[in-house]
Amino acid sequence: MSELIAALPMYDWPEARGEVDAQWARLRDAFRQKGIGAPKTIVRRNGDLPPVPDGIRDPQGALIAPDPATLPADELDFHEIWLHPALLFAQTCWGPMELGLSSHVQVVGQPSYDAYEGGQGELYSSALVMRAGEGPEVRSPADGKALLPLDLIRGKRFTFNSLDSMSGIVALTRDLLAAGQSLDIFSSRTESGGHRDSVIAVAEGRADVAAIDCESWALAQRFEPVAGKVVTVGWTARRKGLPFITARTTPENTVRAMRDALAGLAEQPRIQRVG
């Protein structure tokens, strides 16, 4: 399959698409300078993905994802991107990676979160948010350790973006366990569908607490009108941020060239080399 694809879906808010396109343009040009046939634009729809008539299969021939052509064209299934055999470059989350995606892809690099409160280099954390007035606002701990207001969140309604999200639920689960607690500290748990949806649910009173990764929280503060009704009352511990990946079948020399290109962009605020 010669038609390579790229995607940067994790922070691709409608209001930030110009910035995401510019980020890809920098990456694309750096890759092309290394002789890599990077696509001109990123994909944002299932309809943009090359068809895979027999479905996407693992090396043993087992079906792991359907033919993108069979999915709603104007929607976007992240797993279709991550598992697509033509994937040159995309971003994912360590939650899906731990749930099996890592066996189908290769990690190319890690972004830098230095520009965001709660981030440091390749590490990021999640802001625990509640409605303004329901708890004191706190800053991200300088040491990167978890700051969990247990008495404040006990008995509250928790919302999260998806069950496989490291930033939305997995990190908080692990930090609570380290503190001798569990998600049972909450009176209820509901899935919102996205970090922005979680912020809105808290702001509108349909939930009380959410964990929002620090870059998504920065986007919410810039672009989501109701984010002003929400404050940060705690933080999860810093962990590795969302990795850049390529298909498992991407040749070793191409992966090495992409890593070299990322190293050349390291002085720019969002890119770091893996390793």
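Is D175 buried or exposed, and what is its relative accessible area? D175 is buried, at 8% relative accessible area. Buried means under 20% relative accessible area, exposed over 50%, and partly exposed in between (1.4 Å probe, protein chains only).

The model is predicted: local features need pLDDT of at least 70, side-chain atom pairs count only at pLDDT 80 or more, and totals for chains, interfaces and linings use all residues. Residues are numbered from 1 along each chain as its sequence is written, and side-chain values use heavy atoms, with hydrogens and water left out.

**View A. R239 and D175 form a salt bridge.** The N to O distance is 2.6 Å. A salt bridge is a side-chain nitrogen of Lys or Arg within 4 Å of a carboxyl oxygen of Asp or Glu; the count by this rule is 20.

**View B. D208 pairs with R131 in a salt bridge.** Their closest N and O atoms are 2.8 Å apart. D208 sits in the loop between α6 (195-203) and β10 (209-213), and R131 in strand β7 (residues 126-131), so the bridge ties together parts 77 residues apart in sequence. Helices (H or I, at least four residues) and strands (E, at least two) are DSSP runs, numbered from the N terminus. Both D208 and R131 are buried.

**View C. A network of salt bridges links D12, R17, D21 and R44.** Within this network, the side chains of D12 and R17 meet at 3.7 Å, N to O. D12 is buried, with 13% relative accessible area. R17 is partly exposed, at 36% relative accessibility.
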